[in-house]
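Colleague: Please take a close look at the salt bridges and walk me through them in one connected answer, with the cut-offs stated as you go.

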Amino acid sequence: MPIVLIVAEQQPDGHLRKASLNAITAGKQLADKAGAELHIALIGKDPAKVADELKGTGAKAVHVGAAPELEHYLAETYAPVLATLATELKADFVGMASTAQGKDLLPRLAARLKAAMATDVTGLNGSGGDITFNRPMWAGNVFAEVKLTTPVKVFTVRATEFAAAGSGEGAAEVKTFTPKVEASKTKFVEFKEVKSARPELTEAKVVISGGRGTKGDFKEIEALADELGAAVGASRAVCDAGWVPNDLQVGQTGKVVAPALYVAAGISGAIQHLAGMKSSKTIVAINKDAEAPIFQVADYGIVADLFKVLPELRAELHKLK
Amino acid sequence: MKILVTAKRVEDPESKIKVKPDGSGIVQEGLKYKINPFDEIGVEEGLRLVAKHQGEVVVVSIGGKEVQEQLRHALAMGAHRAVWVNHTGPLDQFGIAALLQKVTEKEKPDLVILGKQSIDDDQNQVGQYLAEFLDWGQATFASKVESMESEQEKNKVPAVTLTADGKAVRVIREVDNGLATLECQLPAVVTTDLRLNTPRYASLPGIMKAKSKPIEELTPEKLGVDVTPKIQIVKLASPPARKAGIKVPDVATLVDKLRNEAKVV
């Protein structure tokens, strides 16, 4: 029976990266189509606790490899360990969420497996041995259906396009193994976490984003975000100007989000920004310029000054509570 | 220090990309082409490193005769010479990395700097494939802590720094929830993220000088690489269009719509 292997990810704080659960759903869909078995891989210094969280996701087995040298993630140490596992399992497909780690690691793993790879997969087609992947190109202006012709096929999953796997589906067998970790030419120096009391951008149900129209003043954006328990986002221009931290950037070259509600305040709607938020369920645009392209994708638009609209909106929403 | 940088030819990021009705490709008419913006950042970082530590920046591009435009652009920015891998026809990331591996083995640079992705394929793979093929260290998504208005930026100081013994590079990477710092032994592969630097404009003397800088021509055959694609594009399609929205006159109407129509608050 063919095998789909999904790589789950541990955050630096030891928790499971949530996007792993979305990748597992994609893996399940793929296994159904290909008539394959779903397996999960998880490696690190101390992955055992997280492995428990994956037992009920519907996989046949969770392969857990612990080694002290795997404490800090490095593509050079992780890729060989996973390549060995994939080869021993005779995995036909190897996938992972399109997180920073997934994007760094899987191409290196693919190269090691002499496999072709599809990045940011948004959908799956076909059946049996004839599977194709859908993926965005040109900043999401085009979607391609691609076929990988190598024996092993590698892919990363755009997490917002697949639901998170639940925890009540069967009990996967947990199989532990001892990874042989190769020496690395790269040394981990440090990780500086950017801490925020707000939800993670890619996981938030509501996102409030500011653009050039804020002139760098994010107070009203943040106040509305706090009222709604939302994440704060920004356009590329705002991040480039150094007004807000880089990791708030929503867009093809930043984060891709798909919340239930996306509020774009003072954002004109450049193609590259739209690519990062177009899949949101409901989009609200607030902009002084009635011709701004953001209005073409917005469900509801208000042509007005954001510094007038945002406080009013916050007050009205507060009344609803 | 010798640095190899890439200069892929891509559609101008401001162009409107349209899919051909039969899904076989994109409409080429009226499109403008540029150097991949992430590669341009790589050229700039290479120039800054060489300005500080001496050495040479070699730029490479793969494609038909037209990619010489992008090579000349990098040469006009200040790159010293160029390598052109003459190839027309389909090429995937595996093939690109295999060609770059051969060029790297020939040139023997201390560092290869590539864009983290090209804005046409958006695959984000070539740097990592190349590092594995070469068995070198990799630091992807190189970024910088300072803002784009910092002194560092104004003074064109490289953000990728050499360690004191000159045997490794220190790279700050943009990752989920923060910044990770790595030290890669040289030679190594670095891929650039958006905020690593602001590329310089080519000066007029730079453009004039670029015309006489050498471009070496290679081919996949000469490099001994079979570039038969391992990724087949079955078809291309436009993304589903969002249905047209409405403009609302005031906040009260907006809140009413959000609550009763969209049901999101």
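Modeller: B:Glu105 is partly exposed at 37% relative accessibility, where partly exposed lies between buried (under 20% relative accessible area) and exposed (over 50%), with a 1.4 Å probe and protein chains only. This is a predicted model, in which local features need pLDDT of at least 70 and side-chain atom pairs count only at pLDDT 80 or more, while totals for chains, interfaces and linings use all residues. Residues are numbered from 1 along each chain as its sequence is written, chains are lettered from A and ligands numbered from 1 in the order written, and side-chain values use heavy atoms, leaving out hydrogens and water.

B:Glu105 pairs with B:Lys102 in a salt bridge of 3.7 Å, N to O, the term requiring a side-chain nitrogen of Lys or Arg within 4 Å of a carboxyl oxygen of Asp or Glu. Both residues sit in helix α3 (residues 93–107), three residues apart, about one turn of the helix; helices (H or I, at least four residues) and strands (E, at least two) are DSSP runs numbered from the N terminus.

B:Lys116 and B:Asp193 form another salt bridge, with their closest N and O atoms 3.2 Å apart. This pair links distant parts of the chain, 77 residues apart, with B:Lys116 in the loop between β6 (111–115) and α4 (126–134) and B:Asp193 in the loop between β11 and α6. Both residues are buried.

B:Arg200 meets B:Glu44 at 2.8 Å, N to O. B:Arg200 lies in the loop between β11 (188–192) and α6 and B:Glu44 in helix α1 (residues 37–53), so the pair ties together parts 156 residues apart in sequence. B:Arg200 is partly exposed at 25%, whereas B:Glu44 is buried at 0%.
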